[in-house]
Amino acid sequence: MSKVLVSDPIDQAGIDILSQVATVDVKTTLKPEELLEIIGEYDALMIRSGTRVTKEIIEAGTQLKIIGRAGVGVDNVDVPAATRKGIVVVNSPEGNTIAAAEHALAMMLAMSRHIPDANASVKRGEWDRKTFVGAEVYKKTLGIVGLGKIGSHVANVAKAMGMKLLAFDPFISRDRAEQLGCQLVDLDLLVQQADYITLHIPKTPETTHLINAQALAKMKPTTRIINCARGGIIDEEALAVAIKEGQIAGAALDVYESEPLGDSPLRSLGKEMILTPHLGASTTEAQVNVAIDVAEQIRDVLLGLPARSAVNIPGLNPNVLAELKPYMQLAETLGNLVGQLAGGRVELLNVRLQGELATNQSQPLVVAALKGLLHQALRERVNYVNASIEAKERGIRVIETRDASVKDYAGSLHLEATGSLGTHSVTGALLGDGEIYLTNIDGFPINVPPSHHMLFTLHRDMPGIIGKLGSILGSFNVNIASMQVGRKIVRGDAVMALSLDDPLPDGILSEITKVSGIRDAYTVVL
């Protein structure tokens with residue numbers, strides 16, 4: 001039975017889900033060296049923000065299949081190291097969406113009305129109304145940096161509050177922004193015009209110190225900034241200076257460059273600054289949601305199913321996965337088949353999306369095809385996580401093409417591989433019931449479902465070939481389940497595809513190729 005280690009506190013609902021498929025050990029006080037010592041025993045690791053999963057821990061996790069982060073950020077996981085080892089890393093991108101959005105909105109309102117300082121004043125026995133004159137958000141301009149799920153929810157609520165919305169997000173279409181009531185602008189214009197700026201983007205090399213001294217200098221003296229996303233997006237020293245010198249009106253931060261917040265100039269600021277200890281996801285509902293979400297993904301991976309929110313599988317967001325999942329199995333099957341036909345070291349793989357499939361994302365299908373292509377060489381060591389890396393290290397060049405003009409099937413996939421046995425191609429499609437069919441081999445039309453044991457021959461279309469081949473297989477006690485011939489012209493070249501009930505014994509291929517008219521024979525195990 002699989003073993004799962006939970007090294008940070010998570011809701012019991014998550015542990016209950018994991019217990020359905022694995023032995024679960026909850027050890028939330030492990031030191032790094034203790035985790036390093038025991039991680040080799042486990043198939044899965046579930047964490048929150050407290051555990052740092054370093055390269056050393058990943059290397060020691062010789063049985064790890066998945067690392068699950070109960071939250072959005074995975075900055076405490078060495079994702080590249082996990083990817084290289086073929087370990088899936090998942091998070092919960094939606095589990096705390098509402099909690100994070102509501103915290104950002106709460107920070108905006110609390111900052112506008114000086115609620116934390118006013119509360120502290122009353123509790124000290126004071127009644128100082130003049131000091132805490134605030135500002136209304138109605139008809140003010142809110143600049144939203146990042147229109148993902150959290151930013152979109154903030155936009156919806158802010159619009160209902162009567163705010164004018166500007167948005168900066170280079171990955172969002174203008175139509176999508178307009179649906180949310182946002183005017184899509186560049187960052188420079190946003191910081192100049194916004195009365196409030198709220199950040200909802202990940203920390204990357206490109207976004208580190210995105211709000212710096214230069215950006216702050218362009219803001220209005222009435223501008224207020226909210227950051228409930230990731231620490232480091234704002235240059236904290238520059239922010240402190242801007243507030244002290246009255247360049248902007250204030251800021252509310254829930255995240256910091258270094259956590260917990262140490263000796264920082266932010267602490268010395270008065271009512272213009274609100275600081276909370278990374279509470280964005282800290283609601284009862286969010287903790288339950290992320291625990292259930294990540295636990296379900298770990299359960300699925302341990303059962304051999306794909307994760308819906310893997311951060312290190314290219315192109316596999318949940319929506320894409322749901323749409324392309326059947327075609328990914330098709331791509332993997334075709335990759336396995338064409339890899340065996342091409343033989344040995346494959347140098348080039350051409351992936352062509354055809355018909356209606358040509359309008360879909362190609363990357364998930366390419367990854368699935370590479371996984372199938374490398375299966376014979378790597379077996380269980382290759383998966384959706386590391387297939388692209390393994391292919392690159394083996395010098396396999398990948399070409400992606402599309403051809404929407406192919407109308408034989410609603411959508412089909414064509415793979416062509418060049419290896420030590422030459423260049424071979426296979427085409428496959430999904431029929432109405434979702435069953436995979438091989439529709440073309442090396443340019444010859446066929447229509448057969450793949451089977452575990454298959455035999456393909458290239459031969460001249462002439463009387464007696466099928467009978468002779470059947471006799472040879474019978475003499476080796478190999479039973480034929482089905483057979484089909486694909487040809488372009490009568491008495492020309494043809495391909496025969498046979499599904500077999502039994503594996504082919506050693507030496508049988510040399511007997512088959514001795515038959516007059518049979519040029520080549522290939523055995524395939526899928």
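**Exercise 1.** Is Lys-65 buried, partly exposed or exposed, and what is its relative accessible area? Determine also which residue forms a salt bridge with Lys-65, and where the two partners lie.

*Solution.* The model is predicted.

Step 1. The relative accessible area of Lys-65 is 39%. Buried means under 20% and exposed over 50%, with partly exposed in between; Lys-65 is therefore partly exposed.

Step 2. Lys-65 forms a salt bridge with Asp-43, and the closest N and O atoms are 3.0 Å apart. The cut-off for such a contact is 4 Å.

Step 3. This pair links distant parts of the chain, 22 residues apart. Lys-65 is in the loop between α3 (55-60) and β4 (66-69), and Asp-43 is in the loop between α2 (32-38) and β3 (44-47).

Step 4. Asp-43 has 7% relative accessibility, so Asp-43 counts as buried.

**Exercise 2.** Which residue forms a salt bridge with Asp-195? Locate both partners and assign each an accessibility class.

*Solution.* 

Step 1. The partner of Asp-195 is Lys-220, with 2.8 Å between the closest N and O atoms.

Step 2. Distant parts of the chain are again linked by the pair, here 25 residues apart. Asp-195 occupies the loop between α9 (187-193) and β9 (196-199), while Lys-220 occupies the loop between α10 (213-217) and β10 (224-227).

Step 3. With 12% relative accessibility, Asp-195 counts as buried. Lys-220, with a relative accessible area of 28%, is partly exposed.

**Exercise 3.** Which residues form a nonpolar patch on the surface with Ile-466, and in which helix does Ile-466 lie?

*Solution.* 

Step 1. Ile-480 and Met-483 form the patch with Ile-466, and the accessible area of the three together is about 220 Å².

Step 2. Ile-466 belongs to helix α17, which covers residues 465-475.

Step 3. A patch residue needs over 30% relative accessible area. Ile-466 has 43% relative accessibility and so counts as partly exposed.

How values were computed
Residues numbered from 1 in each chain as written. Predicted model: local features only at pLDDT ≥ 70, side-chain atom pairs only at ≥ 80, totals over all residues. Heavy atoms only, no water. Patch = residues over 30% accessible without salt bridge, like charges linked within 9 Å, V, L, I, M, F, W, Y side chains within 5 Å. Areas by Shrake-Rupley, 256 points an atom, 1.4 Å probe, with all protein chains shown as cover. Salt bridge = Lys/Arg side-chain N within 4 Å of Asp/Glu carboxyl O. Helix = DSSP H or I, 4+ residues; strand = E, 2+ residues; numbered from the N terminus. Buried < 20%, exposed > 50% of the residue type's maximum accessible area, 1.4 Å probe, protein only.
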